[in-house]
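Here's a quick walk through one protein chain, from its overall make-up down to a few residues worth a look. Have the viewer open as you read.

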Amino acid sequence: MGEISGVLAAVLSSGLGGTSIGATRYLVSAIDPLAIGSFRFGIGFLLLLPLTLLRGDRWPGRGDWGAAIGLGILFFALFPILFNASLIFTTAARGALALSTLPLLSLVIGAALGAEALTWRKSVGVVIATSGVAVVLLSDLTSAPSGAWRGDLLMMAAALCMALYGIWSKPLIRRSSPIAFTTMSMAAGAACLILLSYIRGSFAPVAGFGAPQWGAAFYLGAFGAAVTFYLWALALERTTPTRVAISVTVNPITASLVGAWLLNEPLRWNLAAGIVAVFAGIRIATTTGGRAATASQQA
């Protein structure tokens, strides 16, 4: 049940991440990406902190502070910077596909570091789920601007940040708690983004914010940061980094559905085919074969 709940938490986290794209696309016309990240993770931290204190969750030990802060900067500062910078050079569709290399990176790096075993089921599941993302984005992949490869590489670097965070944070989360670890890490990342935004003068347009802009910013902080990354940490506590990472293939699907609902973007046959492939891949990668399951039960 722990493994199943971990996978479900990861899928829900990635689904919410996909819905956050709409709010980000709305705000990007008003403020720059650094300021958006500052609001997202700053509000997320302010919401998680009182919850952590009220629950009395165990904070990372003093010996883990450096690692928690470093991983927070990696995941909650460097990752969004690379993510947003990549979309300057490439399309959203190509970027989403590049980000979907996350489970493959997690699988290979996890095996290389001895964090988890490399199995055929995980490998096949990762390939099928990533192929599902490609099918979803099929009609948009050919319309790439000149030099799109730069953005693709930046997005793959962002995926690498996520993979390393997932692998390195797992033992730290287990020694503390998902909420407390996420709160401390998010505080470190938000502080970096806020400092950079202040230096660049990124907050100047905020004076002209109305209710819609504040609503989008709060949605990003509450659901795009606090809930999304609490669920991500909860998933990492209960299952392997690769099984968590493969859920990111749900992200472009929910983004497509939200785009159709809010922005009247067309839904095509490839979305349905991609959804089937993504969830088939997740199921294959997150379950064990019959013989393996029998051997596990007998053991």
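## A cut-off to keep in mind

Residues count as buried under 20% relative accessible area, as exposed over 50%, and as partly exposed in between. Arg175, at 46% relative accessibility, therefore goes down as partly exposed. Keep in mind, too, that this is a predicted model.

## The overall picture

The protein chain is built from helices: 13 of them, with 0 strands. Read from the N terminus, the elements go α-α-α-α-α-α-α-α-α-α-α-α-α. Of the 299 residues in the protein chain, 51% are buried. The chain exposes about 13800 Å², and carbon and sulfur atoms supply 70% of that area.

## What the record says

An unreviewed UniProt entry places the feature "transmembrane region" at residues 33-53, 65-89, 95-115, 124-142, 148-167, 179-199 and 211-232. Two of these spans can be checked against the model. Residues 33-53 are 100% helix and 0% strand, with end C-alpha atoms 30 Å apart. Residues 65-89 are likewise 100% helix and 0% strand, and there the end C-alpha atoms lie 36 Å apart.

## The nonpolar cores

Which residues have the most contacts inside the largest nonpolar core? They are Phe41, Phe75, Leu102, Tyr165, Phe229 and Trp232, in a core of 47 residues. Helix H7 (residues 148-175) gives this core its largest share, 11 residues. Apart from that core lies another one of 12 residues, including Leu27, Ala35, Ile43 and Ala217.

Setting aside residues up to four places away in sequence, Tyr165 touches Leu71, Leu74, Phe75, Phe76, Phe181, Ser185, Trp232 and Leu236. Two of those partners, Phe75 and Trp232, are also on the list of residues with the most contacts inside the core.

## Two buried residues up close

Met186 sits in helix H8 (residues 178-200). Its relative accessible area is 0%, so Met186 is buried. Beyond residues up to four places away in sequence, Met186 touches Phe41, Gly44, Phe45, Leu48, Phe76, Ala225 and Phe229.

Lys170 belongs to helix H7. Is this lysine buried or exposed? Lys170 has 13% relative accessibility, so it counts as buried. Leaving out neighbours within four places in sequence, Lys170 is in contact with Leu236, Glu237, Arg238, Thr239, Thr240 and Pro241. Leu236 turns up among the contacts of Tyr165 as well.

## Salt bridges

Side chains of opposite charge can pair when their charged atoms come close. How many salt bridges does the structure hold? There are 2. In one, the side chains of Asp57 and Arg55 meet at 3.1 Å, N to O. Asp57 has 14% relative accessibility, so it counts as buried.

Asp64 and Arg175 form a salt bridge through their side chains, also at 3.1 Å, N to O. Asp64 lies in the loop between helix H2 (33-55) and helix H3 (65-89) while Arg175 is in helix H7, so the pair ties together parts that are 111 residues apart in sequence. Asp64, at 15% relative accessibility, counts as buried, whereas Arg175 is partly exposed.

Note on methods: Residues are numbered from 1 along each chain as its sequence is written. This is a predicted model: local features need pLDDT of at least 70, side-chain atom pairs count only at pLDDT 80 or more; totals for chains, interfaces and linings use all residues. Side-chain values use heavy atoms; hydrogens and water are left out. A nonpolar core is a set of buried Ala, Val, Leu, Ile, Met, Phe, Trp, Tyr and Cys residues joined through side-chain atoms within 4.5 Å. Buried means under 20% relative accessible area, exposed over 50%, partly exposed in between (1.4 Å probe, protein chains only). Helices (H or I, at least four residues) and strands (E, at least two) are DSSP runs, numbered from the N terminus. Contact means heavy atoms within 4.5 Å. Accessible areas come from the Shrake-Rupley method with a 1.4 Å probe; for residues, only the protein chains shown count as cover. A salt bridge is a side-chain nitrogen of Lys or Arg within 4 Å of a carboxyl oxygen of Asp or Glu. UniProt positions are given in the numbering used here, feature names are shortened, and annotations may be inferred rather than shown by experiment.
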